[in-house]
Amino acid sequence: MAALEQLEKEYDAARRDPEFTAELDDLLKNYAGRPTLLTEAKRFGAHRAGGARIMLKREDLAHTGSHKINNVLGQVLLTKRMGKTRVIAETGAGQHGVATATACALLGLECVVYMGEEDTRRQALNVSRMRMLGAEVIPVTTGTRTLKDAMNDAFRDWVATVGNTHYCIGSVGGPHPFPMMVRDFQRIIGVEARQQILDQAGRLPDAVVACVGGGSNAIGVFHAFIPDTDVRLVGCEAGGDGGGRPYRTAATLGLGSPGVLHGMRTYVLQDAEGQTLGTHSISAGLDYPGVGPEHSWLKDAGRATYRSVSDSEAMEGFSALCTTEGIIPALESSHAVAGAMSLGRELGPDALILVNLSGRGDKDVATASAWFGV
Amino acid sequence: MSAVTTAFTKAAAADRAALIGYLPAGFPDKATAIKAAIAMAEAGADIIEVGLPYSDPVMDGPVIANAVHRALTNGTRVADVLDTVGAIASAGVATLVMTYWNPIAQYGVDAFARDLASVGGSGLITPDLTPEEAGIWPEVSARYGLDRVFLVAPSSPDHRIARITSACSGFVYAASLMGTTGARSAVDSSAVGLVERAREHTGLPVAVGVGVSNSEQAAEVAGFADGVIVGTAFVRRLGDAISGEGAVSAARDLAADLAQGIRRG
């Protein structure tokens, strides 16, 4: 609790400090490669999304291959500012772990990443990347051995090491101030995309689509559009492979109920007694039984809608983008791609849809090869 | 006066610290946990904390985390926790429930307080609840005569210690080591300072937990705190035992050893 108060205070001071924001802006531009491109997916839109005009926000082109670097650079600079020397992180797909390991290498900080054992197997490439970058990767063998359990172990580490350690949470979840701080570091996605789509298409999109696990890329791209009430905000949750049955889905907003998990009050996949339910998604990054509290608010306020995308729909989206655009999306982002395919067919050829392509799919080629039998 | 307050008063009258033992309901099984808790009380534990098994015990180390996972896998439900509390309290032992907040929120704060009070439970220890987030719990606990025990830690600044201790009743739980539960080889020196700081803000007893596993450490902590809380060491003994009877006698032996320790402290 004291650490959270310290973090809130330091973050509040940092974001008003021109020196801090200048340093972060410089890293985002000259290290992470911002602004990322906005690419029109013409063949994909014409052939796979009902003729709708689809614009891809290319977070897959950011350094380390996903939007995660935006948040991590901010938090790691904050770690140095607080005088701490060690950073811990949880990771599901490994994208946040890789980004954290990268930023720690850049700034000379010790880095430990907790990752569910199940995820170290299915995202083995990212485990190797983290180790190359000098991070220690600790496979987590408790519970369901996925993202939720990695987060549990990261919290356990942090309560024992809080004096010299910052816990760099990768999503818009956890206790305050994390959801707000991570949102602030990710909102650059939507700020850029809003201006880019005005420049390139001459108008705001009819809908903004993003995948939602914890929800950081979705909040990042949604946030700048919240006041634009004519723009639909559509989150795509991982429906899994069981038609929404418990343990075979990760569609928290669609199927969960309000509860408390990891220090936040939000929708949770849980049983009647408040025990967290195990989840399943083909994408490790969406395989999580909670969701950032701001998404719960957007859902309850009716400002955003959330739909479930199954494993097989996501794989269809994955394949469609590969073969029509020459872009291999992450399995997480493939849920947003699949969501855009159905939304495009619903809205028709006049529609303009912005899709946040949150990460690239190199890490997923083994899973995809097994799925498609190639 | 709550049974917990009575237990602390009795210990203080005997010029010693109170011994508080923890075990999760349903571990290694429901009946053995009840017998072990009663045996602990017979051997000198003044207060029993019954853990409510939860799927994501982020404040617990591997020994307790594995035990509650087993309890859940065995099918332990909230009703079993209430049964367990009822059985221990019926034996005349002051019994609290230690629980993460989500199961209480889902059960309903008022309903849980009502049912806990009706089986003779004394209150709740809530490691992941801050007074700011406690909602109706202070009012509900007062209505049912239940104690509210929140945690202070060495990292808590004085303004938080003031806030937390003023929200407590029964006693204040001082987490002596920064970290999760689990027996340590040495008692952390920050515990002494934490107890002193807590006492500046409250007249309630201050009990120290997290890290005590043998009579020497119990004696040391009893020298400066009003209560000594032992959890992981009991759970480890229960887990190591090869039979239910073995588990009960192991718990009894450890409680007797610790009870001797606090009388030296």
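**Close-up 1. A:Cys211 and A:Cys104, two buried cysteines of a predicted model****.** A:Cys211 has 2% relative accessibility and counts as buried (under 20% relative accessible area, with exposed over 50% and partly exposed in between; 1.4 Å probe, protein chains only). For A:Cys211, the nearest cysteine sulfur belongs to A:Cys236, 7.8 Å away. For A:Cys104, that of A:Cys111 is nearest, at 4.0 Å. A:Cys104 is buried too, at 1% relative accessibility.

**Close-up 2. Strand 1 of chain B (residues 18-24)****.** Seven of its seven residues are buried. One side carries B:Ala18, B:Ile20, B:Tyr22 and B:Pro24; the other carries B:Leu19, B:Gly21 and B:Leu23. Strands (E, at least two residues) and helices (H or I, at least four) are DSSP runs numbered from the N terminus.

**Close-up 3. Strand partners of B:Gly21****.** B:Gly21 has B:Val230 as its bridge partner in strand 9. In strand 2, B:Ile48 stands opposite B:Gly21.

**Close-up 4. Helix 6 of chain B (residues 109-118)****.** Its buried residues are B:Val109, B:Ala111, B:Phe112, B:Ala113, B:Asp115 and B:Leu116. Just after the helix, B:Gly120 takes a positive phi of about 95°.

**Notes.** Residues are numbered from 1 along each chain as its sequence is written, and chains are lettered from A in the order written. In this predicted model, local features need pLDDT of at least 70 and side-chain atom pairs pLDDT 80 or more, while totals for chains, interfaces and linings use all residues; side-chain values use heavy atoms, without hydrogens and water.

Conventions. Disulfide = S-S within 2.5 Å. Pairing = 2+ DSSP bridges.
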